[in-house]
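Thanks for coming. I have one structure to go through, and I will start with a term before the details.

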Amino acid sequence: MSTELTEGSERAAPGLGDAGRTGLPRRFWRWCGRHPRAVWAAGLALAALVLFLLYFRDAQTIGQSSDSGGISLQAWDLWHGNPILRGWWLSDECFYTIDLPMNAVVQMVVGLRPVTVHIYAAVDYVVVLLLAGLLARGRARGRQGIVRMLLTVGIMLAPSTVLGSRILLQGPDHVGTQIAVLATFLVIDRAAERWWVPVAVAVLLTVAQVNDVQATFSAAAAVGAACGVRACSEVARWQRPPRERWYDASLVVAAVVSFALAHLIVAGIHEAGGFYLPGPKNGLGFAPISAMPAHTWATVYNVLILFGADFIGQPMGISAIFALLHLAGVALGFGALWIGARGFFTRMDRVNQMLVAGTVFILIAGAFGLYADAVTGAHDIIPVLPLCAVLAGRLFGERLAALRLEPVLAAGLVVMLAALGYNDIQPKAVPPSTQLAAWLEARHLTMGLGGYWESNITTLDTGGRVRMVSTVGNGTTAQEYESSAEWFNPAKYQANFIVAYSASTDPSPVKPSVVRAWYGPPAHVYHFEDYTIMVYDYNLLTRVTVPALP
């Protein structure tokens, strides 16, 4: 009997094992069915991690500059006891409320190192990408919601290897502002019409505009225009507006209040002794009629750059092929913009109206303003990419799902992932100043003067062990741009060398002949690659002209 029981148990064991093996997946899928939000959050977190790694590697293929170096030094100063950046001259954008705090958080983890720029750029773009996807999804659920989200993400997924990555992943430069802009639209899209929504919108719009005046066009003016049309449509038709229009009217008020608050905050920081923010470098206004053809062409080219479709001027190869394939994203984005513009004054979705208005305002500012340079002007119209991509997802996603075109969308995502992978296999970029920084550090030259493009990046490359401050006037005057007046204080710092860059492609503003006339003959002169390093035996800061903060 014991033998029979043993044999029976042996025969039963495989069945019990199969049940155990099949029971675990069943329990897992059952748990997933009971907790869909947890599964959705876990999926987004995993996607964010993978995308971060891809964009981090992509960012490493881009050479850093003193622009990103200057913002990194501001963030370092921000969380080391200078919260209002006392004594700083900034560029015409401060990036104070989004980019600098996020950069400071990264520096808390890894320190003041060049890699912080790559980490921040990757985090920045991943957050923008996920917010754009969530906004495109809207309140749609199931298959339609996923298609809408993936369509938007696919349009933005792979910046071009030629110029797109340089615009979108080089560091804090208008991309971070889209976090607050998209978050504002997401709150309006998802929240019920309650009294607190206009308050939250006013706060988010204020944060965005303090960070970057570009948000005035892409967000504040867009909210005001879209909700103004909705609130006044009955008035325009000589009808009495219903009471429900209080919500749109309150959002218009929130946009106006945010504009005033942003200017008051920046002015208040300066009055309290904080950073100085000059006006736009080219001023405000419209370009002359004679410049319109060039500006229009530059705007078109900049749009192609943002969408990864900058095939013009490329030799035929893999990069050009990927750029041509990105034209599908341009067609989807601007096709959605055309449809949205045609229906703007009808009873279309509130957020869609805002997306249309923000895109149109940015394009008008880019084409008719004073900043429509090819390539560099792409920075100033960055919102066109996420806004058009979200609009395409919201307007075309359901149509794709209804037509059962998910295989086409999946094929497009595979192509875009391949393009992103091609970006990642490109060699890492090494800034020209890296060798100079190592040369100076090896000779214990720790504080000196130089041109702008050799200054902040050298300080960042060495983690602050070698500090080079930027000058103008052939090396005689402190530069009032992305620098701190404190660096030129001879009672605190000792600067004993000055660097001139002699490359013909981008010559330094420092002229050795003027340096000798102003500071006297140097004690030693060294030549390293294209650099001339003049070393003195006294503190050069005692003779540098330092303009007073306005």
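By contact, or touching, I mean heavy atoms within 4.5 Å. This is a predicted model: local features need pLDDT of at least 70, side-chain atom pairs count only at pLDDT 80 or more, and totals for chains, interfaces and linings use all residues. Numbering runs from 1 along each chain as its sequence is written, and side-chain values use heavy atoms, with hydrogens and water left out.

Now to one residue. Ala-225 touches Phe-344, Ala-357 and Phe-361, leaving aside residues up to four places away in sequence. Ala-225 sits in helix α10, residues 214-236; helices are DSSP runs of H or I with at least four residues, strands are runs of E with at least two, and both are numbered from the N terminus. From Ala-225 to Ala-255, 30 residues along the chain, the C-alpha separation is 9.5 Å.

Next, the whole chain. It has 20 helices and 8 strands, and its C-alpha trace spans about 100 × 90 × 50 Å along the principal axes. Of its 550 residues, 51% count as buried. Taking contacts between residues at least 6 apart in sequence, 76% join residues at least 24 apart.

That is the overview; I will take questions now.

Note on methods
Buried < 20%, exposed > 50% of the residue type's maximum accessible area, 1.4 Å probe, protein only.
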